[in-house]
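Please walk me through the charged and aromatic side-chain contacts in this structure. I would like to see which parts of the chain they join.

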Amino acid sequence: MKTGVQTARKPRKAANSQSGQAMVEFVVVAMFFLVPMFLAITVLGKFVDVQHTTDMAARYGAWERTVWYEDSGSDFNKHNAPNTKSSDEIRNEIAARLLNDRSSSGTVIKAADKSATGFVNGLDPMWRDPSGTVYLTDYAQLATAVKTEGSAKGIAGTIASGAMGALPKDSLAVATVGFKTLAQSSGTYQRLWVVPEWKGLDFAATGAVLSNTWAANASDGTLNMVAPLVPLRGGVLKGALKGYAGLMDTWDGNGAESKRLEIGKIAVDEVPADRLK
């Protein structure tokens, strides 16, 4: 009887031992593989959002440069001083408008955004590590470069460009936005990425918009800017042409100034008022 009992208990002891060993192995694997993997998936999702926002910021900067011009010190500023915006001001707007805490109802687009320094509307809540450490701890981590470019010119184009000092000549707006050493101070990521040592990540994006060189200071400013380039807008030549048009109308039996010939007319495209904040 004793022998039978002893032989019946041995398999149970072995099974319990194997079950305990499997549990220990699972815990070890979970600690060193599964938990870091789940954390890494979350981190990658956050970094995808960072890259998306970087792309949007570059497009925003390029669009702003098609509407607002950098002070060029030329005749252009004589007519368009109100609608100049520096690259630094566009950078401030990016920080205030695109990186902001969108969960707050108080974050609206304001004209004062271009003068803001720092992340005045708070950072996107998603841009934090699991412990709550923000990705951007220094305003200098945001880098922007906003400019305009023009096409190559021949001799005729160079002469025409010099004669049109009041007009914007560059038709391509380009903006590059980058974030330097993002999340470098995250203790969580430092523990996840031991080799190589975690020093943060850099993100960058470039946006470009082909502009028709419109102006943002409404029709009057654009009219004053273009008028010097339209000789028929005033003076003796316009009067003579109007006299000729009146003579032609007389021959037609109308006896009034021509309504068909719009001599010296300038048709201005305007940027919508709600876009000029």
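Which residue lies over the face of Tyr-139? Arg-91 does, at 4.3 Å from the ring centre; a charge sits over a ring if NZ of Lys or CZ of Arg is within 6 Å of the ring centre and within 35 degrees of the ring normal.

The model is predicted: local features need pLDDT of at least 70 and side-chain atom pairs count only at pLDDT 80 or more, while totals for chains, interfaces and linings use all residues. Residues are numbered from 1 along each chain as its sequence is written, and side-chain values use heavy atoms, with hydrogens and water left out.

Next come the salt bridges. The term stands for a side-chain nitrogen of Lys or Arg within 4 Å of a carboxyl oxygen of Asp or Glu, and by this rule there are eight salt bridges. One of them joins Glu-64 to Lys-85, with the closest N and O atoms 2.9 Å apart. Glu-64 lies in helix α1 (residues 2–67) and Lys-85 in the loop between α2 (75–80) and α3 (87–97), so this pair ties together parts that are 21 residues apart in sequence. Helices are DSSP runs of H or I with at least four residues, strands are runs of E with at least two, and both are numbered from the N terminus. Both Glu-64 and Lys-85 are buried, a word that means under 20% relative accessible area, with exposed over 50% and partly exposed in between (1.4 Å probe, protein chains only).

Asp-113 and Arg-97 also meet in a salt bridge, at 2.9 Å from N to O. Here Asp-113 is in the loop between α3 and β1 (142–149) and Arg-97 in helix α3, 16 residues apart. Asp-113 and Arg-97 are both buried. A network of salt bridges links Glu-64, Lys-85, Glu-93, Arg-97, Lys-110 and Asp-113.

The aromatic rings follow. Rings of Phe, Tyr and Trp (its six-membered ring) pair if their centres lie within 6.5 Å; planes under 30 degrees apart count as stacked, over 60 as edge-to-face and the rest as tilted. This rule gives 10 aromatic pairs. Among them is the edge-to-face pair of Phe-47 and Tyr-189, 5.9 Å centre to centre with 70 degrees between the planes. Because Phe-47 lies in helix α1 and Tyr-189 in helix α5 (residues 187–192), the pair ties together parts that are 142 residues apart in sequence. Tyr-189 is buried, with a relative accessible area of 0%. Tyr-189 also pairs edge-to-face with Trp-193, at 6.1 Å and 85 degrees. Trp-193 is partly exposed, at 28%.
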